[in-house]
Amino acid sequence: MNKRFALFAALALVFVLAGAAFAAYEPGTKMTVGFVYVGPVGDYGYSYAHNEGRLAVEALPWADTVYVESVPEGQEGPVIDDLIATHGCDVVITTSFGFMDGTLDAALRHTDVIFGHASGFKRAPNMFTFMADFYQVYYLNGIIAGALTKTNKVGYVGAFPIPEVKRHLNAYAMGVRAANPDAEVLVRWIYSWFDPGAAAEATEALIADGCDAFAFTEDSPTVVQKAAENGMISFGHYGSQMYTFAPDYVVSGQAVDWGSILVDFLQKVYDGEYTAQNIANIDYWWLMSQGAVYPEAAPGETINPLYVDALKAYMISDPVYGEISAYDLFNLRSSQFSAPGVTFDPFQGPISDRNGNIVVPAGMWLSSDSLITMEWAFENVVGPWPGEPE
Amino acid sequence: MSWESWLISTISRTLAYGTPLLLATLGEIYAERSGVLNLGVEGMMIVGALTGFAVAGKTGNPWLGVLAAGVVSGVFSLIHAFASVTLRANQVVSGLALTMLGLGLSGVIGRAYEGRPLMNTLDEISIPLLEKIPVLGPAIFQDQSPLVYVGIIMAILLWFVLFKTRIGISIRAVGEDPATADSLGINVSRVRYLCVMVGGVLAGIAGAYLSVAYRPSWTDGMTAGMGWIVIALTIFAFWNPISGMFGAYFFAALFVLSFRLQAWLSPELLKAMPYLLAIVVLIVVSRGTLQKRMGAPSALSLPYTRGED
Amino acid sequence: MIKTPAWIQIERRPSPSGWTVFAISVVAILLALIVAGLFFQFYGVSALRAYGDIIKGAFGSRLGLTETVRRMIPLLVIGVGLTVAFRALFWNIGAEGQLLMGAVVASGIALFSGLPDPLLIPAMFLGAFAAGALWGIGPAILKAKLGINDVITTLMLNYVAIYVVHWLILGPWKGPTMRGFPYTDKFPTAAFLPMLGGTRIHLPTLAIGLAGALVLYFVVKKTRVGFEIRVVGENPDAAKYAGISQTKITVLAMVISGGLAGVAGVGEVAGVHHMLLNPSSIALSYGYTAIIVAWLARRNPLAVILTSFLFGVIMRGGDVIKISLGLPFQLVNVFNGLILFFLIGSEVLIRYRIRFGTVKETS
């Protein structure tokens, strides 16, 4: 073998290997899906819920999955490159808003790989976005909270004052208003997605202000535990695993099935419908009607049976349905949210914010764009609200 | 809710949140009084939190959990004692390493305990008679974890030992001037080992308080930086257990108030407040004659070798 | 006279040579790797496989090597400055906060100064140096003038810096294009640091780190100021006697140390993120890890190049085993802790000789 030939052979080999590593996904074949999480999968919050979605993908006969947990925002670029180089991922899913630019850059670098980004708004021919949003579920939980509060004060422990949390808070407050026009929603911010000590003391501060029912955004069961300690009800966050911490006091909660979105999308990739060239306009915004989110207290249990009687006994005078029990209103709204053609939305006008501005005119529904940029606070919300429009 | 019940709840929560800070600070005061700076408090606390939770869950007895946490963190702290006393290593680095090791080990081993509720938690108690005192009764003596009172008693006891007994004199002598202490027949190494262990045991109990009483559950990283506040508190308290108690409650009160006053004051300002105030207090106190009397142990973080210096 | 058995007896080794130091350190790291390897085996992963992956991941590819260097940059820049502070016996635990304040000022200049494009990056570096230095000078003055403990003030200011960043990204600087999320807008491209050909290595920061190591090595060893810093650190009483102003020296050391930490902040916001964001995503404990880097370099600025590279490898190695073997991220901490303990253990072999099994007399 002469030298020139050896060099040629080596180069050819390199190209073949490189080609193999970067070959586009062939529909109908086995695919490898990589996941990049911002937190630990054991945190019983956001990344835990996403990891449940990954397990649904893993259960598909034609998909393998790998994941990387606790990736700080801004470090996703090299992690994605590594995932592709090490595991030959055909699809890479990133799950934090802060991964948006890094994922887009990676999509431009790896044009044969399909990317998915949760909670963002930037897309590319080989990058789609997806989101399962809780606001309808919060509205339903608000109905329960409004019906069960004795003090007419309902508490909310929020992570950061950002549109996503504000949207959930407002929907919750509207549910409370629907069941109990006299009740207020008191809010405290803890400025962290995970801080058990802060969540505990924020809950206690709300209790000191008279609250007796709690919803929250934080990745630990702290609020559930603190509420139960004081004999007060709460709503689990991210699925039913928080129920086990206070089975007598968790009335319902917000559950998400990221797997429903991912399986739907990947099936279309498997079938050859979605490729690395045609997904620039694919944006999953899935709610209750697609089954991506739903209220849940414990597995298979929408409302904790301990509270069903009280909810049936609590009568609401609804402008449309007249005298109706909280339990029936919950179920009615729930079926309206779940029906294929949605006939009701919490954010349908007329709605004024707490400063008296009309934020949704009569007869209008809020667009998804207005939903994801929401800054205003609903009328019955009390407490600090950074970034509030005048 | 009336201002009275608001005040009661604020004081009560201050004690609840301040207790782990207090327990760990008392331990660090002893370690530093003997001349050993231990930046591994965060690591020792988290090891205690996991141990306490695991043992309490396994045995069904939360007190056994607390005890085990003290023992395990005490043993864990010996790594730092060995490095800094026997090997005379740099204490800043050894302490940082202890924190890393504690966070890492508890994170890896603790995976099996994530998300499990604890059936038998350390229940709150009320003190008969005392709880009847108006305002102060319900604020201090009603529905508190027994460890809150353990903390207060420990503060008084450890203050007494440090300033009123021979043992205390030995500890302070070792921290001030180990060579002289040595010449007086005090075993410098033994005192330092014991004091570091006291620090480990108390940090472990502080961690267990978090996982079996304050918020019964195990979550990775659940000490969330408390160990660093303890380092600050130790200096803030000028290495005095009684001041340590007030300091811990002061920090806790600011933390608790940061959620209660959120409607009126910028939350970022409130959260930064304890740290800024600590500096301000140090500036005020350091002026004048107080400085000399309440200064740090002179031999803090200096290893001792006989016949040198 | 009490007799206590001492199972280890230690005596001082007269001035160890550079080679002894290096050899003992390498042996210590190898021992740590063996113990950490047992931990891998315990976790059900072949230690050889794990180390193979780490070596491949850190050196085996262009991506790996450049990532190692990218991780090394903030440690190098901060570590070099810390050696000076530590030489003046000032325990600067506050590099984390100084880095953040540098990041804040650099972001402010990038977003709002309206400077012409070519001036933007130089202004960001200068501004960040000044910000980091200012954040460091306070504790220096408090220590020199009032004797206030440096560990506490620098540590406290880290938290204050964290809340300054929080306040900015949630309040006045929240980016209109970020849909309400707590980030500033993206910097204009003129404020992006230039990268080394197609990699993620932000060149100016790396250059400042390397140049800083050389210059400070020279300053500390060969200049009058360097001499004064060493005297203040090694013998404060002698310094007073020699008429060296402790205040001046401490402040100077902290200007250098804090300023360089601030420069590291520019590297992170203008070289990695291109925006100001959550403080925990910016700093990644670089300020604390750099303490170890500086200590391991035995406060020698030149040696920081080596030690920061070593920690670049460790950090990169952690990423690699997380990805290739799916190991929990906390293992990286175990790994770091073990390496550190073996290195400090080895320190004793460098400074002292050890004899076993003798009986020590205590009077």
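**Notes on the predicted model**

1. In strand 12 of chain A, A:Pro295 is the bridge partner of A:Gln254. The two strands concerned, strand 10 (residues 250-256) and strand 12 of chain A, pair in the antiparallel sense over three bridges. Please keep in mind throughout that this is a predicted model.

2. The pairing belongs to an open sheet of seven strands in chain A, whose order is 12-10-9-8-6-7-17 and whose pairing is mixed. Strand 12 (293-295) and strand 17 (381-382) of chain A stand at the edges with a single partner strand each, so that one side of each is left without a neighbour in the sheet.

3. Chain A is divided into two domains, both of them assigned in two segments: domain 1 covers 26-132 + 258-290, and domain 2 covers 135-255 + 292-382. Taken over C-alpha atoms, the centres of domain 1 and domain 2 of chain A are separated by 30 Å. To the contact between them, domain 1 of chain A brings 16 residues and domain 2 of chain A brings 21 residues.

4. How much area do domain 1 and domain 2 of chain A bury between them? The value is about 1,600 Å², with 67% of it on carbon and sulfur atoms. On the side of domain 1 of chain A, the residues A:Tyr44, A:Trp285 and A:Met288 supply 43% of the area buried against domain 2 of chain A, which is more than any other three residues supply.

5. As to specific interactions across this interface, the count between domain 1 and domain 2 of chain A is zero salt bridges, while five residue pairs are found in polar contact, both residues of each pair being at pLDDT 80 or more. The elements giving two or more residues to the side of domain 1 of chain A that touches domain 2 of chain A are helix 2 (46-58), strand 5 (127-132), helix 9 (258-270) and strand 11 (283-286) of chain A. Helix 2 of chain A gives the most to that side, with three residues. By class, the side of domain 1 of chain A that touches domain 2 of chain A has eleven nonpolar, four polar and one charged residues.

6. Turning to the contact between chains, 33 residues of chain A are in contact with 29 residues of chain C. The area buried between chain A and chain C is about 2,700 Å², and carbon and sulfur atoms give 59% of that area. Within what chain A buries against chain C, A:Glu73, A:Gln75 and A:Phe97 supply 20%, more than any other three residues.

7. How many salt bridges are counted between chain A and chain C? The count is five salt bridges; a salt bridge between these chains joins the side chains of C:Lys186 and A:Asp101, at 3.4 Å from N to O.

8. The side of chain A that touches chain C receives two or more residues from each of strand 2 (63-68), helix 3 (76-87), helix 4 (100-109), helix 6 (163-179) and helix 12 (368-372) of chain A. Helix 3 of chain A gives the most to this side, with eight residues. By class, the side of chain A that touches chain C has 16 nonpolar, eight polar and nine charged residues.

9. For chain C, the domain assignment gives domain 1 (1-45 + 330-363) and domain 2 (62-326), and the centres of domain 1 and domain 2 of chain C, taken over C-alpha atoms, are separated by 30 Å. In the contact between them, 14 residues of domain 1 of chain C meet eleven residues of domain 2 of chain C.

10. Domain 1 and domain 2 of chain C bury about 1,000 Å² between them, of which 84% is on carbon and sulfur atoms. Helix 1 (18-42) and helix 14 (330-351) of chain C are the elements that give two or more residues to the side of domain 1 of chain C that touches domain 2 of chain C. The largest share of that side, nine residues, comes from helix 14 of chain C. Its residues divide into twelve nonpolar, one polar and one charged, counted over the side of domain 1 of chain C that touches domain 2 of chain C.

Key:
Residues are numbered from 1 along each chain as its sequence is written. Chains are lettered from A and ligands numbered from 1 in the order in which they are written. This is a predicted model: local features need pLDDT of at least 70, side-chain atom pairs count only at pLDDT 80 or more; totals for chains, interfaces and linings use all residues. Side-chain values use heavy atoms; hydrogens and water are left out. Domain bounds come from an automatic or database domain assignment. Contact means heavy atoms within 4.5 Å. Buried area is the accessible area (1.4 Å probe) that two parts lose on being put together, summed over both. A salt bridge is a side-chain nitrogen of Lys or Arg within 4 Å of a carboxyl oxygen of Asp or Glu. A polar contact is a pair of N or O atoms within 3.5 Å; within protein, one must be able to donate a hydrogen and the other to accept it, and residues adjacent in sequence count only if both atoms are side-chain atoms. Helices (H or I, at least four residues) and strands (E, at least two) are DSSP runs, numbered from the N terminus. Ala, Val, Leu, Ile, Met, Phe, Trp, Tyr, Cys and Pro count as nonpolar, Asp, Glu, Lys and Arg as charged, and the others, Gly among them, as polar. Two strands pair if DSSP finds at least two bridges between them.
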